Structures are given as C-alpha cells and as structure tokens.
Amino acid sequence: MNIEEAIFDTYQGHSIHKITLTNDNNVAISLLSLGATWHEFLVPIQDKQKNILLNFSTAHDYLSNPFYIGMAIGRTAGRIKNGTFPLNGQSVTVPTNEGQNTLHGGPSGFNTLIWDYNSCQSDEAVSITFSRSISHNEDGFPGDLAATVTYTLDNHNRVTLQFTGESNEDTLFNPTSHAYFNLSDSKTILGHQLMITSSEYLEMDSEKIPTGKLLPVKGTPFDFTTNQQLGDAIQALQGTTEKGFDDIYKITPNQQPIVKLSDPTSHRSLTISSSRNALVVFTSNSFTKNLAFNSGPGEPYMGIALESQTLPDTPNHPGFGDVVLPKNQKVTHTIMYQYSDK
Ligand code: FUC
C-alpha cells in the first residue's frame, strides 16, 4: 500500500494536487483535487501499468469541454428541467448551464471546485477523502452543504467511491462519478461487451429531459440483460440523432452487480455495484479530435461512462425516488467498482 502526492497543475493561482494510491497488486488509482476527479485507474500488464480511464494532462483541458471527464458530479447528477423543482411545497430555481436546464449540478457543480483532502492507510486498503463546504451562494442550491468524496482502493482490486452530504437546509443530493472507461488496447470501446441488470430505460425529450415514461428494453438495441457487444448495439443506433448511447436505465438494486463491462480480447473486466435506482450509459458519441486526451485526440466511442445515480430530474417525477437531503442529516452514497483480468 502506498500513497504519493504531486502537483498536477496550477489553476487560477491554486495548485492542483494529484494523489496516487497503490495496492499490493500494483493496481493504482490517481485522483485530482480539482473536481475530486478520478484521473487514472492503472492496472498491471506484465511488468508495466495500463490506464483504463480517459483523462487529460491539464486543468484547463478538464474544464474546457462539456464532458466532465472523470469528475465528481454533484449536487445533482443529470438534468433538472428549467432548473426548477418543488421542495417542501415551494418551487425552487437553481442556476442553469445547458440552455434553460441545469446539468450535473449547474455552472458551479462539484466538478468545478478545488477540494481539500486527507488520506488514510491500513494493511488492506488505502483511501483519500476530498472534502468541501459549498455555500448556498456558491452553487445556488438551497442550504450550505458539507460534502465529502472518498476513494478507497483495496487489495481485492476494488475501488469504493463514497459520497457524503450534510446541509443546514433541506436540499437535493444525487452525486455520481463521471469516469469514462476503456479496458481494451484499442482506441474505442466498440469491441467491449456490456451487461446491465435493467429491463427498462427512460424516454427523453429532445433536450434529454425524462418525460416520465419508461420503455421496455426487450427486443431493442437497448437490451443489455445479456452480454451484448457495444459495437453491434451502437451500429443499430446509427439512424438516431445521438448515434450511440446517452441513456438512463432504471435499476432494481436487489441484483448486484448492476453492470458488467468486459473486453473479451484482453480478458479485463469491471463490475459496478450500487444501491441507486439508475445507471446512465454514455458512449462518448460526440467526442471530437479537438479533445486532447493523454491517449491522443478525441474520437467517438473512445470511452464509456457508467454513472450510477438516482433517476434524474427526480423531484419533477413522482416515482423516480427521493434525492432530498433533509437538513442536518448526513447521507452517504456508495458505488463499488471491481476490476479483474481473469
Ligand atoms: C452524460 C450525459 C449527458 C452529457 C454528459 C457529459 O451524463 O447524459 O448528455 O453529455 O454525460
């Protein structure tokens, strides 16, 4: 077990730190204090390490595109229609950042913040906890929120991501991670297989806001109840505007893991376990070569984001769940990622 700290970059006069956690199997994760970002997931291949996450080499690159690469998302993942929702019988409006809607916590979401951190080490696991107080005036959501984002790497090659929130007023809390994975040795995820324990996905309007209607996956390219090759599924969506997946699956969390991503060529795989009721699947359909990733210029389908969360636009849809964080109550959400190369 090992922890290393380095300066990653400087942003608006602040040092951005990179913290690398390594386990006894030579698996490592690195995190950035900007956006509490998951920067690298390094897995051993022979005597080297391979990174299976999309990432950038500068703070500017992380913040100069709309894709939230690797970043922590909060207070609310996904879109809130018109930045407006009911809370305690009143209509609350928060700042918007995608047309008239609020995406991924709005213009001052978790991903835009520089977080404090401290680390912790035991024989079996090593972790880092990012913490930040976010005032109502800073991001425009009700209440001053004390938030933490903890990444733990253990010797079973598991990464456990834990978010906590506590506010002095009732507010919303629906955080997630926007890590993009590519397990393979090729530039795209088209050869990957995907399995999701979900039989329904959400209908959305032209602004990607849920209409409230659920659609069955059975008999469609959206059906990942058994292993499906992403290249085949994406091919079947070429007639759509999105030309790939940017979809919200309804999850029944009594079946774990909720998703398995695997690369048959390298035998690398990743499962995700979570008790939340949704998984957003985004196959980087609109990435362009102007994105200067560490792995080279951007291109469609170079990574897949698998965002475990509560169904978005929650308070505007009865039956989607409850993302209200009651005042003075600490709420914890956990997402667990299990890597394997067997
Ligand atoms: C996912 C998508 C959004 C957006 C974002 C970067 O959360 O649902 O449409 O593109 O990623």
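Modeller: Happy to! One term before we start: a polar contact is a pair of N or O atoms within 3.5 Å. Also keep in mind that this is a predicted model.

Colleague: Okay, so how far is the polar side-chain atom of R79 from an oxygen atom of the ligand?

Modeller: That distance is 2.7 Å, so with a cut-off of 3.5 Å the pair counts as a polar contact.

Colleague: And what about H104 and E307, how far are they from a ligand oxygen?

Modeller: For H104, a polar side-chain atom lies 3.0 Å from an oxygen atom of the ligand. For E307, an N or O atom in the side chain is 2.9 Å from a ligand oxygen.

Colleague: How much of the ligand's accessible area does the protein cover?

Modeller: On its own the ligand has 290 Å² of accessible area, and the protein covers 92% of it.

Colleague: Which residues surround the ligand?

Modeller: Among them are P66, F67, Y68, H178, Y180, K208, D246, V280 and F282. R79, H104 and E307 belong to that list too.

Colleague: I see some aromatic names there. How many aromatic pairs does the structure hold?

Modeller: It holds 24 aromatic pairs. Take W38 and F181: their ring centres are 5.9 Å apart and their planes sit at 85°, so this pair is edge-to-face. W38 is in strand β4 and F181 in strand β17, so the pair ties together parts that are 143 residues apart in sequence.

Colleague: Are W38 and F181 buried or exposed?

Modeller: Both are buried. For a stacked example, look at Y201 and F222, with ring centres 4.2 Å apart and planes at 15°. Y201 belongs to strand β19, while F222 is in the loop between β20 and β21, so that pair links parts 21 residues apart in sequence. Y201 is buried at 10% relative accessibility, and F222 is buried at 13%.

Colleague: Which rings form a cluster?

Modeller: Ring pairs link F8, F56, Y62, F67, Y180, F282, F287 and F293 into one. F67, Y180 and F282 are also among the residues around the ligand.

Colleague: Switching topic: what is the strand order in the open sheet?

Modeller: Its 5 strands run in the order β1-β2-β3-β4-β5, with antiparallel pairing. β1 and β5 stand at the edges with a single partner strand each, so one side of each has no neighbour in the sheet. From one strand to the next, the twist averages 25°.

Colleague: How many bridges join β2 to β3?

Modeller: There are 5 bridges between them. In one of the pairings, L21 has I29 in β3 as its bridge partner.

Key
Residues are numbered from 1 along each chain as its sequence is written. This is a predicted model: local features need pLDDT of at least 70, side-chain atom pairs count only at pLDDT 80 or more; totals for chains, interfaces and linings use all residues. Side-chain values use heavy atoms; hydrogens and water are left out. Two strands pair if DSSP finds at least two bridges between them. Helices (H or I, at least four residues) and strands (E, at least two) are DSSP runs, numbered from the N terminus. Axes are lines fitted to C-alpha atoms, for helices over the stretch in contact, and angles run from 0 to 180 degrees between N-to-C directions. Rings of Phe, Tyr and Trp (its six-membered ring) pair if their centres lie within 6.5 Å; planes under 30 degrees apart count as stacked, over 60 as edge-to-face and the rest as tilted. Buried means under 20% relative accessible area, exposed over 50%, partly exposed in between (1.4 Å probe, protein chains only). A residue is near a molecule or strand if one of its heavy atoms lies within 4 Å of it. A polar contact is a pair of N or O atoms within 3.5 Å; within protein, one must be able to donate a hydrogen and the other to accept it, and residues adjacent in sequence count only if both atoms are side-chain atoms. Accessible areas come from the Shrake-Rupley method with a 1.4 Å probe; for residues, only the protein chains shown count as cover.
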